[in-house]
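Some labels used for a protein model rest on a cut-off.

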Amino acid sequence: MPRQVKTRAIPWRREDRADHIYRVAAEIMCQKGYEATSMNDIADGVGLTKAGIYHYIRGKEDLLFQIMTFAMDTVETDVMTPARQVLDPEHRLRTIVERHARRILEVGGAVTIILEEMPGLTPAHRRLIKNRKRIYFELVRDTLVQLSAEGKLREVSPAVAAFSLFGMIMWISRWYRRGGAKSADQVLSDFMEIALNAVMKPAVESSSVRDPVMAGASPAARQ
């Protein structure tokens, strides 16, 4: 009879366990609501004792802040940093919208939804998260300002357009369900078409505006 080899579970790295706690806790909070979620609910959800979960977090408010920090860290790494490397504003906007939307479609939107639970934070924590949101907003707004200067933005306020794009991206977490009739790639393709055309002029129109000679020419001369 062959000798059985005992295997030992690979221990979690602390940061991996913490990320898992944030994701599971966000999902529970989305289902039950932040106020109705207890630390026991979260401990049960991640398979830890209540004492064990306090090894990673200090309490529910701290957990909420850590989830939001995790969300903003993810946006910084996966969306903002790559976008800042793109010099062309149109390509930069596409990078921002595509990367952020894809992450919600592929990973899930619970953490995104929890970003709305700002009243649950202490004033100090609220200021920190609001400041990080503001930095992201300014990246998108400044990109839209550049597009406006190039004649590619529709006749709308860059600030209003930025807030509208954020609303569209964040709302994906409310309606998209993985395993549905459309794949994440199919949904992303449709979403990009809708989101970008909502704020940008059609390519032919914007190119004619950028050309000062053609902009002043008669309709017949433009053909």
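Q: What does contact mean when residues of this predicted model are paired?
A: Two residues are in contact if they have heavy atoms within 4.5 Å. The model is predicted. With neighbours within four places in sequence left aside, T69 is in contact with I129 and R132.

Q: Why is T69 called buried?
A: T69 is found in helix α4. Its relative accessible area is 16%, and buried means under 20%. T69 therefore counts as buried.

Q: What makes the chain a helical one in terms of its elements?
A: The secondary structure comes to 12 helices and 0 strands. Read from the N terminus on, the elements run α-α-α-α-α-α-α-α-α-α-α-α.

Q: How much of the chain is buried?
A: Of the 223 residues in the protein chain, buried residues make up 40%. The cut-off here is again a relative accessible area under 20%.

Q: What share of the contacts joins residues at least 24 apart in sequence?
A: Among contacts between residues at least 6 apart in sequence, the share is 70%.

Q: Why is I42 called buried?
A: I42 lies in helix α2, residues 39-46. The relative accessible area of I42 is 0%, and the limit for buried is under 20%. I42 is therefore buried.

Q: Which residues are in contact with I42, leaving aside its neighbours within four places in sequence?
A: They are I21, A25, I28, M29, T37, I53 and L63. Another residue, V24, is 18 residues from I42 in sequence and 7.4 Å from I42 in space, C-alpha to C-alpha.

Q: How do you know how two aromatic rings are arranged?
A: A pair of aromatic rings is described by the distance of the centres and the angle of the planes. Rings pair if their centres lie within 6.5 Å. By this rule the count comes to 5 aromatic pairs.

Q: Why is the pair of Y22 and F70 called tilted?
A: The ring centres of Y22 and F70 are 5.7 Å apart, and their planes are at 50°. Planes under 30 degrees apart count as stacked, over 60 as edge-to-face and the rest as tilted. At 50°, the pair of Y22 and F70 is therefore tilted.

Q: What makes this a link between distant parts of the chain?
A: Y22 is in helix α1 (residues 14-32) and F70 is in helix α4, 48 residues apart. Y22 is buried at 10% relative accessibility, and F70 is buried with a relative accessible area of 10%.

Q: Why is the pair of W175 and Y176 called edge-to-face?
A: The planes of W175 and Y176 are at 90°, and the label applies over 60 degrees. Their ring centres are 6.2 Å apart, and the limit for a pair is within 6.5 Å. The pair is therefore edge-to-face.

Q: Is W175 buried, exposed or partly exposed, and which of these is Y176?
A: W175 has a relative accessible area of 43%. Buried means under 20%, exposed over 50%, and partly exposed in between, so W175 is partly exposed. Y176, at 12% relative accessibility, counts as buried.

Q: Which residues form one aromatic cluster?
A: Y136, F137, F163 and F166 form it.

Q: How do you know that the charged end of K60 sits over the ring of Y34?
A: The charged end of K60 is 4.6 Å from the centre of the Y34 ring. The distance limit is within 6 Å, and the charge must also be within 35 degrees of the ring normal. K60 is recorded as sitting over the ring of Y34.

Q: How many cavities of 30 Å³ or more are there, and what is the volume of the largest?
A: The count comes to 2 cavities. The largest cavity has a volume of about 180 Å³. Of the 15 residues that line the largest cavity, the closest to its centre are A71, T74, R103, V111 and T112. The largest share of this lining, 5 residues, comes from α4. By class the lining has 9 nonpolar, 4 polar and 2 charged residues.

Q: What lines the second largest cavity?
A: This cavity, with a volume of about 40 Å³, is lined by I96, V97, Y136, V140, A162, L165, F166 and I169. Helix α8 gives the largest share, 4 residues. The lining divides into 8 nonpolar, no polar and no charged residues.

Technical notes:
Residues are numbered from 1 along each chain as its sequence is written. This is a predicted model: local features need pLDDT of at least 70, side-chain atom pairs count only at pLDDT 80 or more; totals for chains, interfaces and linings use all residues. Side-chain values use heavy atoms; hydrogens and water are left out. On a 1 Å grid over the protein atoms alone, a cavity is a set of points where a 1.4 Å probe fits but cannot get out, and a pocket is an open set with protein on both sides within 12 Å along at least five of seven lines; lining residues have an atom within 4 Å of a point. Grid points are joined across faces, edges and corners, and a volume is the space filled by probe spheres set on the points. Helices (H or I, at least four residues) and strands (E, at least two) are DSSP runs, numbered from the N terminus. Ala, Val, Leu, Ile, Met, Phe, Trp, Tyr, Cys and Pro count as nonpolar, Asp, Glu, Lys and Arg as charged, and the others, Gly among them, as polar. Buried means under 20% relative accessible area, exposed over 50%, partly exposed in between (1.4 Å probe, protein chains only). Rings of Phe, Tyr and Trp (its six-membered ring) pair if their centres lie within 6.5 Å; planes under 30 degrees apart count as stacked, over 60 as edge-to-face and the rest as tilted.
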